[in-house]
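Here's a quick briefing to read with the model open beside you. It starts with strand pairing, then moves on to the helices, the core and a loop.

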Amino acid sequence: MRLLTVSHTTVYRYSEPVGLGEHRMMLRPRASHDLRLIRTSLAITPEPSELHWIHDVFDNSIAVATFTGDTVELRFESVVTIEHIETERPEYRLETEARTYPFAYSSDERADLARGMERRYSTEDVQQWAARFLAPSGPSSSMDTMSLLRSMTVGINEQFDYRRRAARGVQTPSDTLRLGYGTCRDFAHLMIEGVRSLGLAARFVSGYIFVPEAEPTPTVGGGSTHAWVQVYLPGAGWVDFDPTNKIVGNRNLIRVAVAWDHSQVLPLWGTFIGRPSAFIDMEVAVSVHDETATSRDAS
């Protein structure tokens with residue numbers, strides 16, 4: 001178990017006073033059996049006239065802020081401390097029929113997972129790329145399900161170059177295949193489409209990643225929000241796969257929001273009232289610190 005503190009600051013700057021429309025924030029980690037919230041704080045400058053919280057259809061926590069008056073700078077500062085329980089080499093107890101691919105979801109599962117199995121891009125290049133990870137004897141041949149998904153996770157890490165990109169949005173899976181590089185969200189987007197092309201349900205995860213200082217294999221994606229994939233496997237439930245860092249399981253990963261599509265889990269979005277040219281820039285800073293040793297010393 002680790003005690004981790006996540007600091008996430010976003011600053012918008014304007015060349016002249018502007019009004020502020022509604023802003024929505026997905027910054028609060030999802031509490032679960034492997035993640036417990038200890039402390040949370042959210043400071044917004046200028047102070048909103050109203051701040052309230054809602055849950056979306058995926059049960060993600062969203063803070064909604066409304067404002068009055070004008071400003072030349074808008075600042076959001078979120079600090080959360082969590083207990084993070086992780087397994088270095090997780091063993092998933094899949095149901096017997098799901099241990100070997102291909103397998104079929106039950107009728108009840110298929111009804112609930114329909115959107116997670118629906119492909120957004122019906123292109124042959126993605127399907128052909130995903131088929132490379134199947135057993136050499138052909139698509140109808142059986143193979144270990146977890147081995148298949150691990151191979152795809154590692155394959156993306158080894159096949160593509162990671163390049164940070166500040167602009168919002170994602171590349172299409174075909175663009176990532178063609179370019180040979182992308183961000184964590186591009187890799188997650190590609191893996192989701194690849195997994196769905198094989199008939200499995202997958203969803204997009206937005207959150208943070210802890211980057212240990214003394215880890216032999218460099219971890220990338222720190223300093224900003226991070227993205228990865230969950231695949232639904234009967235008996236194990238939603239299993240985390242981070243193709244950017246070839247991580248299987250929740251090691252170093254802090255979930256904030258899940259959805260069928262990346263556009264549904266934006267960490268922060270809103271509007272301003274003024275000339276479009278008034279916007280100067282946006283600055284984002286994210287840090288994740290291990291407080292475990294300090295906590296032990298204090299106790």
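G207 sits across from R255 of β14, in a predicted model where local features need pLDDT of at least 70, side-chain atom pairs count only at pLDDT 80 or more, and totals for chains, interfaces and linings use all residues. Residues are numbered from 1 along each chain as its sequence is written, and side-chain values use heavy atoms, with hydrogens and water left out. Strands (E, at least two residues) and helices (H or I, at least four) are DSSP runs, numbered from the N terminus.

**The sheet**
- β10 (residues 202-209) and β14 run antiparallel, joined by six bridges; two strands count as paired if DSSP finds at least two bridges between them.
- Another residue facing β14 is F204, which stands opposite A259.
- β10 also pairs with β11 in the antiparallel sense, over six bridges, and there S206 has A227 as its bridge partner.
- Eight of the eight residues of β10 are buried (under 20% relative accessible area; exposed is over 50% and partly exposed in between, with a 1.4 Å probe and protein chains only).
- Put together, five strands make an open sheet with antiparallel pairing, in the order β13-β12-β11-β10-β14.
- β13 (247-248) and β14 (253-259) are at the edges with a single partner strand each, so one side of each has no neighbour in the sheet.

**The helices**
- Helix α3 (residues 145-159) lies across β11 (226-233), β12 (237-242) and β13, at about 30° to β12. Axes here are lines fitted to C-alpha atoms, for helices over the stretch in contact, and angles run from 0 to 180 degrees between N-to-C directions.
- Helix α5 (residues 184-197) has 14 residues and spans 20 Å from first C-alpha to last, close to the expected 20 Å (1.5 Å times one less than the number of residues).
- α5 is largely enclosed by the rest of the structure, because 13 of its 14 residues are buried.
- After α5 comes G199, with a positive phi near 90°.

**The core**
- M152 and V231 have the most contacts inside the largest nonpolar core, which has 78 residues. Such a core is a set of buried Ala, Val, Leu, Ile, Met, Phe, Trp, Tyr and Cys residues joined through side-chain atoms within 4.5 Å.
- Not counting residues up to four places away in sequence, V231 touches residues including L149, V195, L200, W238 and F241; contact means heavy atoms within 4.5 Å.

**The loop with R163**
- R163 is in the loop between β8 (161-162) and α4 (173-179), and counts as partly exposed at 44% relative accessibility.
- Leaving aside neighbours within four places in sequence, R163 contacts Y181, G182 and T183.
- R163 and L200 are 37 residues apart in sequence and 28 Å apart in space, C-alpha to C-alpha.
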